[in-house]
Amino acid sequence: METRALTTPPSPTRRIAAVAGPVALGALGVFLSLFAAVAVDAQPRTPGRVAAVFPPWWSPAQIIGAAGSAGDIAGAGGASFIVILRGDPSDLSQRARDAGALMLLDPALAGACAKPAASEPSS
C-alpha cells in the first residue's frame, strides 16, 4: 500500500513573507553600504574641528553636556543632536566618541550641519 503525503498550498501571508524578507534584507544591505560610503567620505579633514553626531533620542541638555566634556562648542548643527566641536587635534575625536558621539563628520561637508558664522560688523 502506497502512502502519499498531503500537501496544502502555502497561505498568501507565507508567500508574501517569503518574498518580502529577502527584499527587505537586500534593501537594508544597500542602505548600510551607502551609509558607510558617505560616512567614510565625510570624515573630518581638520582633526581640531568636527561635527559630532550624538544620539537623537538624547535630551538637549544631555547633548550639550556631553559635547562640552569633549571639547569647545563652536556651533550648532542643522539638527539639535549635531554639535560643532573645536579642541586639541590629538584627542578631540576620541574625546567626542567617549562622550557618546555616534559619528564624526567634517563640518564643511556636513552641509546643513554647519550653520554659517555670524559676520562681524565692520567699522
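## Close-up views of a predicted model

**View 1. Strand β3, a well-covered strand.** Four of the five residues of β3 are buried, so this strand is largely enclosed by the rest of the structure. Please keep in mind throughout that the model shown here is predicted. On one side β3 meets β1: the two strands run antiparallel and are joined by five bridges. One of the pairs to look for is Ala 52 with its bridge partner in β3, Val 83. β3 also pairs with β2, again in the antiparallel sense, over four bridges. Here Asp 72 stands opposite Arg 86 of β3, and Ala 76 stands opposite Val 83. A hairpin of five linking residues takes the chain from β2 to β3.

View 2. In which order do the four strands of the open sheet lie? The order is β2-β3-β1-β4, with antiparallel pairing. β2 and β4 (103-105) are at the edges with a single partner strand each, so one side of each has no neighbour in the sheet. From one strand to the next, the twist averages 35°. Helix α2 packs on this sheet, where it touches β2 and β3, and its direction makes about 20° with that of β3.

**View 3. The buried face of helix α2.** Helix α2 spans residues 60-70, and its buried residues are Ile 63, Ala 66, Ala 67 and Ala 70. Why do they line one face of the helix? Seen down the axis of α2, the buried residues fall within an arc of 100°, so they share one face. What do the buried residues of α2 pack against? Their partners are β2 (72-76), β3 (82-86) and α3 (92-99).

View 4. The largest nonpolar core holds 14 residues. Those with the most contacts inside this core are Ala 52, Phe 54, Val 83, Leu 85, Ala 96, Ala 101 and Leu 104. β1 (49-53), α2, β3 and α3 each supply at least two of the core residues, and α2 gives the most, with four. Apart from this core lies another, of five residues, including Ala 51, Val 53, Ile 82 and Ile 84. As a reminder for reading both groups, side chains in a regular strand alternate between the two faces of the sheet.

**View 5. Pro 47, on the way into β1.** Pro 47 sits in the loop between α1 (12-41) and β1. Leaving aside neighbours within four places in sequence, Pro 47 is in contact with Pro 89 and Leu 92. The C-alpha atom of Pro 47 is also 8.0 Å from that of Asp 88, a residue 41 places away along the chain.

View 6. Trp 57 lies in the loop between β1 and α2. With a relative accessible area of 67%, Trp 57 is exposed. How far is Ser 80 from Pro 56 in space, C-alpha to C-alpha? The separation is 7.8 Å, for two residues 24 apart in sequence.

View 7. Of the 123 residues of the protein, 24% count as buried. The accessible surface comes to about 8700 Å², and carbon and sulfur atoms account for 63% of that area. Among contacts with a separation of 6 or more, 69% join residues 24 or more positions apart.

Conventions:
Residues are numbered from 1 along each chain as its sequence is written. This is a predicted model: local features need pLDDT of at least 70, side-chain atom pairs count only at pLDDT 80 or more; totals for chains, interfaces and linings use all residues. Side-chain values use heavy atoms; hydrogens and water are left out. Buried means under 20% relative accessible area, exposed over 50%, partly exposed in between (1.4 Å probe, protein chains only). The arc is that of the directions from the helix axis to the C-beta atoms. Contact means heavy atoms within 4.5 Å. A nonpolar core is a set of buried Ala, Val, Leu, Ile, Met, Phe, Trp, Tyr and Cys residues joined through side-chain atoms within 4.5 Å. Accessible areas come from the Shrake-Rupley method with a 1.4 Å probe; for residues, only the protein chains shown count as cover. Two strands pair if DSSP finds at least two bridges between them. Axes are lines fitted to C-alpha atoms, for helices over the stretch in contact, and angles run from 0 to 180 degrees between N-to-C directions.
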